[in-house]
Amino acid sequence: KTIKETENDRCVDIGVTRDCSYFLTEKYDENKQEKKRTQTNLQCFRGALWSCGLNNYHQLGHPGVSKLLVPTKVDDIDRLKPIRKFFSLNLDSICQVKDRKITQFVCSRFHVALIVDDNQLYTFGINAGQLGHPKSSESVISQPLLVTKFNSQSEQIEKLVSSDYAIVCYTKAGHIYVFNDYKIRKIVKQ
C-alpha cells in the first residue's frame with residue numbers, strides 16, 4: 001500500500017542496516033516546470049528522509065518509539081508533539097531540518113549522519129564518540145542534532161561514509177575527517 005504523503009515522491013537513495021531501513025525521497029515534478037524561487041515552491045521540492053524498523057539504538061530519528069513498521073518522515077514534528085513531555089524532546093533541533101532538503105545520508109546499525117542543503121552535518125543515534133558531539137551524560141541522541149565542532153559548511157562535504165563505530169567525511173578540498181572516540185581527526189593528504 002502506498003503511503004499517501006509519498007505518492008508524488010521518487011526515491012533517490014536507500015540505506016539498510018540489520019534492523020532498519022532508510023529512504024531519501026524528493027518531490028517529483030511530472031510537468032518538469034521551472035522551479036520558482038518562492039518559499040512555497042522550494043518546500044515542494046525538498047528532500048525528505050524516511051525510516052522504519054527497530055529503534056533499539058534511537059537511530060531511526062523518532063524518539064519515544066521502539067519500532068516503526070511503516071516508513072515515517074524523520075522530521076515529522078506533529079507526530080512527536082503529544083509525547084514531548086514524556087521524553088523531554090528538543091523539537092527545536094528537529095525544526096532545524098524540517099524545511100530543509102536532505103541531500104545525502106549514511107546509516108549504520110547504531111547511528112545516522114545526514115547533510116542538508118546548506119552543507120550542514122546532522123547526526124543521531126547512540127553517541128559512543130562517532131557522532132561528532134561532545135561526551136556527555138546523554139549517551140543517546142534521538143533526533144537530528146547539528147554537529148557544531150566541525151564546520152561542514154566551509155569544508156563542503158562531498159561524500160559521507162559510515163561504519164558502526166565511525167563516520168568519515170570526504171571534502172571537495174580532498175580532506176578526510178574521521179569522527180570517533182569523541183574526536184574529529186583530519187587525515188592529512190600525502
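Let's start with the rings: a search of the whole structure turns up 3 aromatic pairs. Here, rings of Phe, Tyr and Trp (its six-membered ring) pair if their centres lie within 6.5 Å, and planes under 30 degrees apart count as stacked, over 60 as edge-to-face and the rest as tilted. Keep in mind that this is a predicted model, where local features need pLDDT of at least 70 and side-chain atom pairs count only at pLDDT 80 or more, while totals for chains, interfaces and linings use all residues. Residues are numbered from 1 along each chain as its sequence is written, and side-chain values use heavy atoms, with hydrogens and water left out.

Select tyrosine 22 and phenylalanine 105. Their pair is tilted, 6.2 Å centre to centre with 50° between the planes. Tyrosine 22 sits in strand β2 (residues 20-27) and phenylalanine 105 in strand β5 (residues 102-107), so the pair ties together parts 83 residues apart in sequence. Strands are DSSP runs (E, at least two residues), numbered from the N terminus. Both tyrosine 22 and phenylalanine 105 are buried, meaning under 20% relative accessible area (1.4 Å probe, protein chains only).

Next, pick tyrosine 57 and phenylalanine 110. With ring centres 4.7 Å apart and planes at 75°, this pair is edge-to-face.

Show β1-β2-β3-β4, which is the order of an open sheet of 4 strands with antiparallel pairing; two strands pair if DSSP finds at least two bridges between them. At the edges stand β1 (9-16) and β4, each with a single partner strand, so one side of each has no neighbour in the sheet. Finish on β3 and β4, which pair in the antiparallel sense over 4 bridges.

Technical notes. Buried means under 20% relative accessible area, exposed over 50%, partly exposed in between (1.4 Å probe, protein chains only).
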